[in-house]
Amino acid sequence: MLNCIFITSLFSSSLTLTQEEQSYLKQKKVLRVQNLDTFPPFNFYENGQPKGYTIDYMKLIAKILDIKIDFISGKTWNESLLMLKKGELDIIPQIVDTKERQKFIAFTSFTHIEYILGVAVHKNESISSVKDLEKKILAVSQNSFLHKHFEKQFPRQKLILTGSSLEALDTLVEGKSDAVIGSLPALNYYIQKNWLSNIKIIKLNNLKLPSKTKMKMGVSIDNKILKSILEKAYNQVSLTQEVELKKKWIDSEVDTGNLNTLEKKEKKYLENKKEIKMCIDPDWMPFEKNDNGKHIGMTSEYMQYFEKILDVPIIMVPTKSWSESLSYGQERKCDIFSLVMPTPERRKYLDFTKPYMSVPLIIATKLEQPFINNIGSIINKPIAVVKGYAYIELLKIKYPSIKLVTVENLNEGLEKVLKGTIFGFIGALPTVGYSIQEKYIGELKIAGKFDETWDLGIGVRNDEPILKDIFQKAINSVSEQKKQDILNKWIAVKFHNVMNYNYLWKASLLFIIILLIILYKNRTMNAFNKKLSQANKDIKEQQQMVNRYVLILTTDLNAKITSVNEAYSKAIGYKSEELVGKSHKLIHHPEMKNSTFTDMWENIKNDKTWVGEVKNIKKDKSEIILNMYVEPIFKDQEKIGYRTICEDITDKKRIEILSITDTLTGLYNRLKIDEVILKKTEAFKRYGTVFSIILIDIDDFKIVNDTYGHDIGDYVLQEIAAILKSNVRITDVVGRWGGEEFLVICESTGLENTYILADNLRKTVENHAFKNIKSMSISLGISEFKEDDSLVTLFKRTDDALYKAKKAGKNCVVKGIQ
């Protein structure tokens with residue numbers, strides 16, 4: 001009789017291990033697992049820590065097995081393989097199963113990760129197949145399965161062998177290669193991280209490879225016990241846990257909807273709190289503003305995100321000024337400040353999170369003032385600051401004799417500068433720059449920059465310290481991509497070079513603001529000093545950069561185009577003279593909803609800024625997707641038109657679609673279906689929203705493949721996918737579940753109505769005329785999600801129903817009943 005031991009864990013009811021497996025773990029104590037330097041988002045090493053989907057997945061496995069893991073970093077791929085052979089490494093957690101490797105590696109029966117291959121090229125390249133690469137140089141990671149594949153299948157292809165995808169991309173940037181092939185998620189990660197906006201990712205045809213690369217876990221060929229243990233532990237990882245990890249690392253755009261790091265006492269606190277009252281600076285754009293009772297600006301984006309993951313409303317408390325906001329904080333009328341810097345005085349009533357924004361301080365003056373290289377040279381002049389701002393204390397410490405004049409808000413300070421009653425105004429670069437662009441172009445300028453930065457976080461009432469810990473965790477959960485998206489939305493400037501993030505923040509907006517001012521007053525520049533002349537030269541270089549890489553278009557009040565810059569013309573394919581004087585409708589995509597443009601016009605006609613995504617048509621009839629920032633243009637206080645600053649996000653959108661789409665059928669893939677069904681279960685638990693699922697299997701599909709070949713098999717999959725998609729409601733979600741199986745998620749639908757839909761799908765497939773095949777049929781299992789269900793029980797019941805449909809002779813629908 002086989003002796004078994006049951007291990008109870010937080011992740012499952014029980015894990016059944018044999019006595020031999022249990023003894024192995026007890027003796028082993030620590031599992032040594034490979035950590036790659038550069039395989040994001042799966043397995044990589046960054047900031048001194050192993051990171052990625054695989055790393056977190058192995059930590060889950062470790063908890064299930066109650067064993068420690070030592071991640072082995074800093075080894076090349078060849079060194080890792082050699083260590084596995086010698087027994088110095090226990091697990092390579094992601095490796096492609098090949099016949100050559102089967103000689104010394106035992107692979108798990110399950111696939112750990114799968115990804116789509118991508119090819120990175122310069123945006124002006126028109127490569128679409130392997131044939132297009134014949135006279136070009138392709139960069140690929142050395143000794144990877146792709147390296148071996150190209151050597152075998154395409155021996156004439158010129159290759160540059162590199163140590164990683166990152167090094168391969170470097171060869172592309174430096175002009176040493178024409179294309180890079182590798183994991184699409186890894187390439188996308190490095191392109192975004194390093195601001196390689198002149199590089200795009202494409203799909204390469206005729207690769208002689210499956211559409212997806214599947215990677216298993218590998219152990220030494222002699223270590224079958226560990227292989228068995230990993231397979232049992234894998235079965236204990238729940239669908240919910242797996243989906244959450246995929247959301248965190250593979251699909252970063254998907255909002256998880258909650259913050260999993262909160263402790264029970266913190267969750268209880270939020271439940272009892274019911275709402276969080278927030279004070280802001282009511283006039284501090286682009287950071288924040290009270291716009292007729294609505295919180296707008298960069299902090300509003302963060303607060304909406306925090307509100308969602310904390311599942312508690314964050315309510316803005318209206319105030320007339322920053323000083324009044326501070327007073328409200330002392331009187332406990334607000335629980336948090338959205339953006340604030342700590343000072344000794346404020347610590348009497350507030351605790352502070354770590355900063356989530358850091359901005360430079362600048363001084364604004366009238367246009368005729370020379371640029372200021374030494375702040376110490378102007379401290380004897382009267383300079384305005386907003387009353388209550390934290391940097392006042394910093395400035396007084398560094399410049400004790402500085403003459404500061406307090407004002408209620410930024411606009412009051414800039415007006416005093418304009419009228420000449422004070423010399424300058426000190427403030428944050430984004431806010432001052434924003435106001436100059438809005439109201440003072442040609443009259444005020446940014447004349448100098450301080451060495452100090454303004455480090456800003458969330459201020460939390462100090463009589464409820466638990467709230468600070470909660471918001472610190474919320475801040476920690478914000479990804480770098482989300483921070484960048486918020487920055488791009490409110491400060492719409494994009495450069496083509498690989499730039500340091502802090503440099504972009506501190507330098508680019510400063511140059512562009514100065515650029516606009518100098519262009520307006522170009523004739524007066526001759527009177528400036530030599531330093532200003534040199535600055536003008538630098539600014540012209542920046543102008544050329546902006547003209548080439550920042551997409552800008554202006555229209556009159558009737559949407560007729562009045563100007564487009566070089567970057568916009570190049571992106572859209574039209575020459576400037578072909579667009580100027582024409583209606584903007586010339587480039588509208590027919591798929592765009594009228595509601596989008598209605599919303600845009602409602603905002604800009606009321607002198608507000610509109611931000612959103614718009615799909616346009618280029619001259620060659622291809623589509624381009626732009627993230628647009630549209631604002632009114634004023635001259636002498638009269639609105640004369642609208643300015644649009646755009647970011648080309650076409651490639652990003654294509655990558656998003658690739659990551660959630662099954663390449664053969666065009667339906668949602670397993671990852672997207674997992675995400676949707678998890679959201680449906682949360683909606684059921686929170687709001688009682690009913691839903692059901694239909695699990696579909698094509699009858700006798702193996703016979704089709706064996707008789708007619710895989711091309712006809714693929715055709716059948718595509719035809720049935722099209723039938724399903726065109727015969728469900730718009731609210732239903734259809735996806736490919738795997739192989740010849742499909743899944744339909746029916747929103748707000750009980751079991752009986754789902755049966756009607758399922759039987760209609762069955763009849764439609766049965767009556768469909770397939771090419772080269774007389775007829776096809778499908779079997780369907782259906783279930784409704786119930787109060788005491790989990791995803792495991794729902795799918796078990798549905799799968800059993802499908803099995804019964806098969807047993808009953810196929811081509812039928814069976815209900816899964818509790």
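Helices α2 and α7 sit roughly perpendicular to each other, since their axes cross at roughly 100° and angles of 65 to 115 degrees count as roughly perpendicular. Keep in mind that this is a predicted model. Its protein chain has a mean pLDDT of 83, and 87% of the residues reach 70 or more.

**The α2/α7 contact**
- The two partners are α2, residues 53–65, and α7, residues 224–236, and their axes come within 10 Å.
- On the α2 side, the contact is made by Y57, I61, I64 and L65.
- α7 brings I229, L230, A233, Y234 and Q236 to that contact.
- Sorted by type, the contact residues are 8 nonpolar and 1 polar, with no charged ones.

**The five-stranded sheet**
- Five strands form an open sheet with mixed pairing, in the order β32-β33-β31-β34-β35.
- Its edges are β32 (733–738) and β35 (813–815), each of which pairs on one side only.
- From one strand to the next, the twist averages 20°.
- β34 and β35 run in the parallel sense and pair over 3 bridges, and G781 stands opposite V814 in β35.
- Helix α23 (residues 670–687) packs on this sheet, where it touches β31 (691–698), β32 and β33 (741–747).
- The direction of α23 makes about 125° with that of β32.

**Where confidence goes up and down**
- Confidence is highest in strand β34 (residues 778–784), with a mean of 97.
- Strand β1 (residues 4–7) has the lowest confidence, at a mean of 36.
- Over residues 492–508 pLDDT stays under 50, and the model has 49 contacts beyond four places in sequence for them.
- Residues 522–529 also stay under 50, with 8 such contacts beyond four places in sequence.

Key
Residues are numbered from 1 along each chain as its sequence is written. This is a predicted model: local features need pLDDT of at least 70, side-chain atom pairs count only at pLDDT 80 or more; totals for chains, interfaces and linings use all residues. Side-chain values use heavy atoms; hydrogens and water are left out. pLDDT is the predictor's confidence in each residue, from 0 to 100. Helices (H or I, at least four residues) and strands (E, at least two) are DSSP runs, numbered from the N terminus. Contact means heavy atoms within 4.5 Å. Axes are lines fitted to C-alpha atoms, for helices over the stretch in contact, and angles run from 0 to 180 degrees between N-to-C directions. Angles under 35 degrees count as roughly parallel, over 145 as roughly antiparallel, 65 to 115 as roughly perpendicular and the rest as oblique. Ala, Val, Leu, Ile, Met, Phe, Trp, Tyr, Cys and Pro count as nonpolar, Asp, Glu, Lys and Arg as charged, and the others, Gly among them, as polar. Two strands pair if DSSP finds at least two bridges between them.
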